Amino acid sequence: MSTPQVCTRCIMDTTDPEITFDEQGRCNHCTRFFNTIQGVHWLPNDEGKRILDETIARMKSEGRGRQYDGIIGLSGGVDSSYLLCKLREWGLRPLAVHVDAGWNSELAVKNIEVLCKKLDIDLHTIVIDWEAMRNVQVAFLRSGVENQDIPQDHAFFAALYRYAVKKGVRYVFNGSNFATESILPSAWGYDAMDSTYLRAIVRRFGDGKLKNYPVVNFWEYYVYYPYIRRMAVVRPLNYIHYRKNEAIQELERNFGWRYYGAKHWESRFTKFFQGYYLPTRFGYDKRKAHLSSLVVSGEITRDEALAEMEKPVYPPDQLENDTAFVLKKLRISREEFERLINSSRVVEDIPTNAKLKKWGRNVKRTMKTLFR
């Protein structure tokens with residue numbers, strides 16, 4: 001096996017089959033960050049402060065007479081936890097919603113409880129029917145596709161949006177940000193919000209049923225929520241000087257919050273999927289994308305990222321226990337799982353809504369003009 005070519009500016013490499021490099025050996029991922037994200041969508045500066053201040057003022061004004069200014073999906077992870085603290089600091093009244101898909105780590109649950117209690121935040125927990133969730137997750141495992149987190153991610157957003165509508169809340173606060181997640185190769189996993197793709201996998205590799213599993217379809221996601229319900233997703237961390245390590249220290253110091261080891265490892269399944277399934281099945285190590293995001297945003301140096309990559313991708317003392325836990329919970333035998341994870345089969349003919357999305361982007365541009 002040939003040695004992967006590594007970007008000279010971040011640490012992305014040719015384990016992304018679609019990566020490209022310029023004459024200086026810099027990859028398309030970090031080039032995209034500096035050319036189209038920094039200064040446009042990522043604004044930790046005076047311009048970002050102006051936008052954020054105007055957004056906060058508008059939400060407070062619209063929220064007068066209402067119980068909440070907005071709703072936030074709270075996972076217990078760094079980004080959403082820190083954002084919750086900032087919302088309170090800015091004088092906003094968020095409703096925290098936690099969607100439990102059956103994979104919460106004990107740390108995540110404790111973090112959520114501690115934060116909401118100390119910040120005096122109302123918390124509503126939505127529990128996804130486990131048999132419905134298991135049915136979708138087993139179908140995805142048997143399909144062999146890259147993104148095994150689609151069942152969780154889709155359910156999270158579908159349940160959150162439904163509840164926002166139920167509560168009459170327009171603004172959805174989202175902790176996603178370009179400071180820590182600007183880089184993620186599309187070849188490493190497909191869009192979690194494509195219900196056509198999700199339904200096709202469950203029909204082909206599961207029992208075909210999505211009873212009690214929350215689904216948001218194309219029309220709802222691209223038209224109903226944003227334009228009919230006028231729901232707006234707000235990502236405030238893109239407008240402040242957000243640093244992950246500083247956020248962790250502040251959360252630990254002020255709230256007794258505890259870190260769980262790596263990005264998105266507040267979910268026990270996501271930990272297993274990112275730390276074992278992806279590297280073993282496809283050779284994809286998401287740490288490269290996560291660390292590269294921190295490099296281009298200036299939080300860590302490239303040398304620090306490379307040093308971090310020298311550590312084992314999965315804590316060796318935890319792998320066996322975590323594997324046994326995941327397989328028992330999903331009711332999959334070790335033999336079947338070994339066949340699945342060592343298979344060379346790649347499924348490529350799964351229907352998607354890619355054409356609809358292209359049409360939807362055109363509709364979105366038109367709708368923005370009409371509603372402006």
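Mentor: Start with a pair of residues: Val 97 stands opposite His 124 in E3. Bear in mind that this is a predicted model.

Trainee: In which sense do strand E2 and strand E3 pair, parallel or antiparallel?

Mentor: In a regular strand, side chains alternate between the two faces of the sheet. Here, E2 (residues 94-100) and E3 (residues 123-127) pair in the parallel sense, over five bridges. Between E2 and E3 the chain passes through helix H4 (residues 106-119), and this β-α-β crossover is right-handed.

Trainee: Which residues line the largest cavity?

Mentor: The lining consists of Leu 141, Gln 148, Phe 269, Phe 272, Phe 273, Tyr 277, Val 326 and Phe 337. Helix H11 (residues 268-281) gives the largest share, four residues. By class, seven lining residues are nonpolar, one is polar and none is charged.

Trainee: Now a single residue. Is Gln 152 buried or exposed?

Mentor: Buried means under 20% relative accessible area. Gln 152 has 2% relative accessibility, so Gln 152 counts as buried. Gln 152 belongs to helix H6 (residues 150-166).

Trainee: What is Gln 152 in contact with, leaving aside its neighbours within four places in sequence?

Mentor: Its contacts are Ala 101, Trp 103, Met 133, Gln 137, Ser 267, Phe 269 and Thr 270. One of them, Phe 269, is also in the lining of the largest cavity.

Definitions and conventions: Residues are numbered from 1 along each chain as its sequence is written. This is a predicted model: local features need pLDDT of at least 70, side-chain atom pairs count only at pLDDT 80 or more; totals for chains, interfaces and linings use all residues. Side-chain values use heavy atoms; hydrogens and water are left out. On a 1 Å grid over the protein atoms alone, a cavity is a set of points where a 1.4 Å probe fits but cannot get out, and a pocket is an open set with protein on both sides within 12 Å along at least five of seven lines; lining residues have an atom within 4 Å of a point. Helices (H or I, at least four residues) and strands (E, at least two) are DSSP runs, numbered from the N terminus. Ala, Val, Leu, Ile, Met, Phe, Trp, Tyr, Cys and Pro count as nonpolar, Asp, Glu, Lys and Arg as charged, and the others, Gly among them, as polar. Buried means under 20% relative accessible area, exposed over 50%, partly exposed in between (1.4 Å probe, protein chains only). Contact means heavy atoms within 4.5 Å. Two strands pair if DSSP finds at least two bridges between them. A crossover is right-handed if, with the strands pointing away from the viewer, the path from the first strand over the helix to the second runs clockwise.
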